Amino acid sequence: MYLPAGIIPPVPTFVTEDFAIDYRSMENAIDYHIEKGVDGLFFLGTGGEFVHLSTEERKEIATYAVQYTNGRVPVLIGTGTPSTRETKQLNKHAHEVGADAVVVINPYYFKLDETHLYQHFDDIFKESKLPVLLYNFPALTGQDIPAHMIKQLVENHENFVGIKNTVDSLTHTKDIISATKQYEDRFSVLAGFDDYVLGGLSLGCKGAINGTGNIAPDLSTQLYQAYQTGDYQVAEEHQQKISELCKIYHLDQPFIGVIKEAMYQAGIEVQSQTLPPVQPVGDEQKEEISRILREAGIFS
């Protein structure tokens with residue numbers, strides 16, 4: 001069964017000015033990431049603007065992503081919704097089109113007590129024919145997935161293969177790693193924040209799904225390779241550059257447009273159009289992105 005590891009960029013959903021899927025930009029981004037040695041691609045996550053897409057658009061992107069990637073690297077498809085039924089339908093579709101795994105974010109809008117939250121995930125794991133990763137992002141969803149629940153779900157479901165932990169605390173990540181330690185041969189904890197790629201690896205994370213991996217994937221892949229070979233000085237140098245890149249997240253909320261614009265400025269042939277209500281970045285933001293990219297050594 002697929003076990004996620006390494007660097008897996010959360011690929012943006014590129015669109016044209018009239019909000020149609022921009023397949024040319026999608027292809028350029030996919031090819032660029034694969035050329036830089038990433039270990040997988042995650043579509044329809046936060047940066048993939050899944051919350052601004054219809055169900056049919058999500059299915060269209062999932063189908064396209066699997067077909068165009070064509071087995072070159074594993075493809076992970078984000079299928080999470082607040083609805084258990086809709087999430088299961090999207091999981092079924094991802095399986096039908098040939099995805100390698102699905103990624104399910106914790107439900108948002110209603111805060112669920114632990115009984116309801118556990119049942120939501122339990123139902124999803126029971127029906128999924130694909131490996132499942134959970135996506136814990138309490139800052140956006142309003143609800144954390146506690147470590148003891150993660151452990152219980154891993155114990156009961158062999159198709160629960162990992163979690164992207166997007167929490168601004170290494171202690172929180174460490175607690176999940178400790179709780180699932182006995183299952184580390186079939187379960188991966190992945191760092192979800194760019195600042196914690198190296199720190200997460202040092203605690204036992206098996207990789208990262210980090211947004212700056214879109215802008216400069218070689219920084220993340222080389223950090224990962226350096227850590228695996230014990231070259232910790234190189235790993236630390238790359239982490240410092242990645243942390244410098246993280247300044248772009250503060251230029252806009254949400255950060256969707258700045259990631260796309262930074263990719264364009266880094267030399268990837270993509271459009272930076274966003275889906276409403278998010279607006280494309282302005283001229284001042286573009287200048288700030290250029291400054292941050294220069295300071296991080298992406299270009300001179």
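Q: How many salt bridges does the count come to in this structure?
A: In this predicted model, the count comes to nine salt bridges. A salt bridge is read here as a side-chain nitrogen of Lys or Arg within 4 Å of a carboxyl oxygen of Asp or Glu. One of the pairs is R72 with D31, at 2.9 Å from N to O. This pair links distant parts of the chain, 41 residues apart: R72 lies in the loop between α2 (55-69) and β4 (75-78), and D31 in helix α1 (residues 23-35).

Q: What separates K126 and D122 in helix α4?
A: The two residues are about one helical turn apart, because they stand four residues from each other in helix α4 (residues 114-127).

Q: Are K126 and D122 buried or exposed?
A: K126 counts as exposed because its relative accessibility is 59%, whereas D122, at 8%, counts as buried.

Q: Which residues do salt bridges with shared partners join into one network?
A: Within this model, E244 and K247 form a salt bridge whose closest N and O atoms are 2.5 Å apart. Salt bridges that share partners join E244, K247, E288, R291 and E295 into one network.

Q: Where is empty space left?
A: Rolling a probe the size of a water molecule over the atoms shows this. In this structure, the largest pocket holds about 860 Å³ of space. Its lining has 36 residues, with T46, F137, L140, F193 and F255 nearest the centre.

Q: Which helix gives the most to the lining of the largest pocket?
A: Helix α11 does, with three residues. The lining of the largest pocket divides into 19 nonpolar, eleven polar and six charged residues.

Methods: Residues are numbered from 1 along each chain as its sequence is written. This is a predicted model: local features need pLDDT of at least 70, side-chain atom pairs count only at pLDDT 80 or more; totals for chains, interfaces and linings use all residues. Side-chain values use heavy atoms; hydrogens and water are left out. On a 1 Å grid over the protein atoms alone, a cavity is a set of points where a 1.4 Å probe fits but cannot get out, and a pocket is an open set with protein on both sides within 12 Å along at least five of seven lines; lining residues have an atom within 4 Å of a point. Grid points are joined across faces, edges and corners, and a volume is the space filled by probe spheres set on the points. Ala, Val, Leu, Ile, Met, Phe, Trp, Tyr, Cys and Pro count as nonpolar, Asp, Glu, Lys and Arg as charged, and the others, Gly among them, as polar. Buried means under 20% relative accessible area, exposed over 50%, partly exposed in between (1.4 Å probe, protein chains only).
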